Amino acid sequence: MISLLISILYAIVIFIYVLTSFFIIYHLVKYAASSEIKTIMLLLFIVIAVGLLSVNLLVFFSIDWNSLLYKLNL
Amino acid sequence: MLNFNAYHFAEKRDDENVIAVIHRHWFNILQNFFLIFLMILLLVGSHATLPVLFPILTVPEYDGLLLFLESLFAMLIWTMSFLIWIDYYFDVWVITSKRIVNIEQRALFSREVSEVELNKIQDVSAEVLGVIPTFLNYGNVQIQTAAEQEKFLFVKVPAPYALKDIIMNLEKSGEKQAENEKADIEAQAIKSAFEKKNS
């Protein structure tokens, strides 16, 4: 039950993260006045944001939450 | 002076040239990034100290949990950094050959654009208040206008006195240009009236 709750909470966090990232990219594409800065910042943001998200997803799914919660007596 | 020919903002008109693009002083973004620096310190510090303070975290299962929380925190830091940068970079004053445009970005969902024509400027004043602003040469520039929006404020901009001079020179050259245009029109009217009378 708690592991399901953790999964739902995690899904919400990831959704907020993706949505915020989308709006950051939207602002960079639509309002950046210098094309050089737009390209550099877009590349920087997307590469690192996707990298962090991938690592986080991998770590989340590698954890056995049921066993972990059992050991933590939750 | 920097070349802003390649600079293009969404509200730019075809018949104007960008003369200067002004962002807030770099010290302002440094102040805003202070929280981010603290968060990075906390992340690095917790990564180094928590396994020493709580040896249970070195057990593979708990180690994964720590790594998961750390990467989640890193995601938060990364997003916040860009939100601060967007607030700084997109908050901009653009001086063109015709007007001054203030584009004010507040977080992600609030963007306000206001402008004043150079010929509507009545008075320009600059102020530098405080020790750090004096040392780093940044401050506020206020423009008194005859337009609907009476005051136009450049907040925490670098070299405010030089900026004031640029705006005043532009305003004067704009006035001179308007006077010349008016004189040309009057001369043309007199000339055509004279020709009409002679014919």
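Modeller: Four bridges link strand S2 (residues 92-96) of chain B with strand S3 (residues 99-106) of chain B, and the two run antiparallel. Opposite B:Ile100 in S3(B) stands B:Ile95. This is a predicted model, where local features need pLDDT of at least 70, side-chain atom pairs count only at pLDDT 80 or more, and totals for chains, interfaces and linings use all residues. Residues are numbered from 1 along each chain as its sequence is written, while chains are lettered from A and ligands numbered from 1 in the order in which they are written.

Colleague: What makes S1 and S4 of chain B edge strands?

Modeller: The open sheet has four strands in the order S1-S2-S3-S4 (chain B), paired antiparallel. Strand S1 (18-23) and strand S4 (110-117) each have a single partner strand, so one side of each lacks a neighbour in the sheet. From one strand to the next, the twist averages 15°.

Colleague: How do you know how helix H1 of chain A is oriented against helix H2 of chain A?

Modeller: The axes of H1 (residues 2-31) and H2 (residues 35-62) of chain A cross at roughly 170° and come within 10 Å. That makes H1(A) roughly antiparallel to H2(A). Angles over 145 degrees count as such, under 35 as roughly parallel, 65 to 115 as roughly perpendicular, the rest as oblique. Axes are lines fitted to C-alpha atoms, for helices over the stretch in contact; angles run from 0 to 180 degrees between N-to-C directions.

Colleague: And what makes H2(A) parallel or antiparallel to H3(B)?

Modeller: H3 of chain B spans residues 60-89, and its axis comes within 9 Å of the H2(A) axis, crossing at roughly 155°. H2(A) is therefore roughly antiparallel to H3(B). Residues meeting there include A:Phe45 and A:Leu52 in H2(A), and B:Leu67 and B:Trp78 in H3(B). Contact means C-beta atoms, placed from the backbone, within 7 Å.

Colleague: How is that contact made up by class?

Modeller: It has 15 nonpolar, four polar and no charged residues. Nonpolar covers Ala, Val, Leu, Ile, Met, Phe, Trp, Tyr, Cys and Pro; charged covers Asp, Glu, Lys and Arg; the others, Gly among them, are polar.

Colleague: How many residues are in contact between the chains?

Modeller: 20 residues of chain B touch 23 residues of chain A. The chain B side has 15 nonpolar, four polar and one charged residues.

How values were computed:
Two residues are in contact if their C-beta atoms, placed from the backbone, lie within 7 Å. Two strands pair if DSSP finds at least two bridges between them.
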